[in-house]
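Colleague: I've got this one open in the viewer. Walk me through it, please.

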Amino acid sequence: MNAKGKHMAHSGVKHHKEHVTHGHEAMVADFRRRFIVSSILTVPVVLLSPSIQRFIGFSIVFPGRDFLLWFLPSIIYVYGGYPFLKGLVGEVRRRIPGMMTLIGVAVSVAYVYSSAVVFLIPGEMFFWELATLIDIMLLGHWIEMKTVAGASRALELLAKSIPSIAHVVRNGEIVDVPVSEVKPGDKVLVKPGEKIPVDGVVVEGSSSVNEALVAGESKPVSKKPGDKVVVATVNLEGSLVIVAEKTGKDTYIAQVIELVRRIQESKSKAQDLANRAAKWLTTVALSGGAITLAAWSVVGAGFAFALERAVTVMVITCPHALGLAVPLVIARSTALAAMKGLLIRNRVGFERVKDLGAVVFDKTGTLTKGEFGVTDIVVLSDSLSEEEVLKLAASLERHSEHPIARGIVEYAERRNVGFYDVEGFKALPGRGIRGVINGREVMVVSSGYLREKGIRVEDRRVDELTRQGKTVVYVLLDGEPVGVVALADMVREESRRLLGSLKLWV
């Protein structure tokens with residue numbers, strides 16, 4: 001692929017990653033701007049309002065005051081109230097009145113009537129009520145959008161995990177193409193250390209694959225011809241040729257991204273309840289306003305007086321607290337859950353957590369660290385010590401990037417056993433590693449390699465480690481087993497306290 005093609009591929013992937021969160025972040029910025037502008041303009045509106053001046057006991061009167069008192073709220077109504085007016089139109093078209101309808105009706109009635117008071121009829125203006133209502137609702141929706149945008153960063157991280165380039169085998173040659181151009185049936189080469197770009201089936205090669213991203217399991221999974229692999233998982237030590245089965249939006253990761261997106265768009269029980277309440281309050285507001293207008297007109301109070309009372313009823317019916325409290329509660333609960341590492345798949349289900357009587361854990365990465373650590377060393381030769389077995393294994397593993405290798409090397413470093421110089425290091429994909437130390441061949445291999453070579457290790461200690469579900473690797477010296485290193489996913493220090501607190505809570 002030429003430089004231009006690579007640049008276009010990179011740009012396309014970059015655009016995809018940016019698009020994941022752009023929508024929510026743009027909405028956050030938009031609500032923030034509208035809230036700031038409206039709040040600044042609200043200050044003079046409140047100070048110039050006759051009702052506020054009478055309440056506080058001061059007066060600011062100058063030529064053109066009423067016009068200014070109309071002009072500033074007009075900006076707030078049009079600019080700050082636009083999201084609610086747009087929502088009002090949408091809900092009316094769908095014939096599902098909700099919170100947007102209630103807010104839109106309240107601010108529109110207040111604005112139209114107050115404008116009429118300035119230019120046409122005598123009465124009381126509701127500009128400061130209109131402005132503060134819009135400010136409060138903008139604040140609530142801004143906070144809610146910030147929460148959604150924060151959650152959408154999970155989508156960006158998932159999108160970044162997808163490789164942008166795939167090595168496709170065509171006519172016996174390797175061609176680098178954008179992942180978006182890979183089609184089902186294409187053969188894809190995945191080199192050691194690379195992420196797998198598609199969902200597919202291994203047809204050539206053998207290796208171990210780190211599937212922690214999709215399965216949470218810290219233990220690498222051996223892959224050979226016929227085994228399935230998933231996009232964004234990491235090929236560790238051997239080359240693999242994969243036949244693509246699913247690409248693009250059909251891959252596992254793409255489906256996870258879509259799931260998270262739906263989670264973000266889902267409504268909680270509190271939101272549904274607020275919308276149902278808003279529907280009834282809209283009916284109550286309009287009915288109450290109409291009844292008030294008719295009642296005062298019947299008793300002969302005059303149309304202007306009756307209209308002012310009707311507008312008052314409709315304005316005060318809009319629940320400022322409901323519009324602010326629901327987004328705040330949702331934002332706070334979601335933020336607290338995120339701080340504790342919880343991905344909320346269903347908000348209604350999340351609200352039902354208080355009724356739980358039992359908790360079931362997937363231990364890997366939850367109660368455990370998701371990292372391998374050495375738990376046991378078994379010596380199979382009378383001529384070697386435990387420390388010598390560890391030193392041989394760690395000296396070889398120091399040249400490998402395998403998760404098991406990191407666990408053994410870190411353990412050896414903590415015990416300060418030191419390392420030998422290794423010559424002729426070689427990885428055996430899916431089976432182990434080999435090298436020469438002090439003129440003798442040393443291998444660290446899996447049980448599969450021993451079965452392949454017909455080597456038997458009969459030791460009750462090793463059988464017990466295997467029964468416990470630990471990962472066991474064998475240290476061979478000149479082809480003879482001399483030791484065993486057992487590893488397991490290490491339990492988190494706080495897991496015991498967690499389970500204890502849950503037991504008390506339940």
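**Strands, helices and a surface patch**

Colleague: Which residue is the bridge partner of V209 in β8?

Modeller: N235 is the one that partners V209 there. Helices (H or I, at least four residues) and strands (E, at least two) are DSSP runs, numbered from the N terminus. Two strands pair if DSSP finds at least two bridges between them.

Colleague: Where do the numbers come from?

Modeller: This is a predicted model, with residues numbered from 1 along each chain as its sequence is written. Local features need pLDDT of at least 70, side-chain atom pairs count only at pLDDT 80 or more, totals for chains, interfaces and linings use all residues, and side-chain values use heavy atoms, with hydrogens and water left out.

Colleague: OK. How many bridges join β5 to β8?

Modeller: Two, and the strands run antiparallel. β5 (residues 207-210) is also joined to β6 (residues 221-223), by three bridges and again antiparallel. There, S207 sits opposite K223.

Colleague: What is the strand order in the open sheet of six strands?

Modeller: Reading across, β2-β1-β3-β9-β4-β7, with antiparallel pairing. β2 (173-178) and β7 are the edge strands, each pairing on one side only. β1 (residues 165-170) and β2 are joined by six bridges, and A166 has V177 as its bridge partner in β2.

Colleague: Switching topic: which non-glycine residues have a positive phi?

Modeller: A232 is one of them, at about 75 degrees, and N438 is another, at about 55 degrees. A232 belongs to the loop between β7 (228-229) and β8 (234-235), while N438 is in the loop between β12 (432-437) and β13 (440-445).

Colleague: Is A232 buried or exposed? And N438, buried or exposed?

Modeller: A232 counts as buried because its relative accessibility is 3%. N438 has 63%, so it counts as exposed. Buried is under 20% relative accessible area, exposed is over 50%, and partly exposed is in between (1.4 Å probe, protein chains only).

Colleague: Which residues form the nonpolar patch on the surface?

Modeller: V353, L356, V359, F361, L498 and L499, with about 430 Å² of accessible area together. Areas come from the Shrake-Rupley method with a 1.4 Å probe, and for residues only the protein chains shown count as cover. F361 lies in the loop between α12 (347-351) and β10 (368-379), and it counts as partly exposed because its relative accessibility is 30%.

Colleague: Last one: how many helices and strands are in the whole protein?

Modeller: 17 helices and 15 strands. Buried residues make up 43% of the 506 residues. The protein exposes about 27,300 Å², and carbon and sulfur atoms supply 59% of that.

Definitions and conventions. Patch = residues over 30% accessible without salt bridge, like charges linked within 9 Å, V, L, I, M, F, W, Y side chains within 5 Å. Salt bridge = Lys/Arg side-chain N within 4 Å of Asp/Glu carboxyl O.
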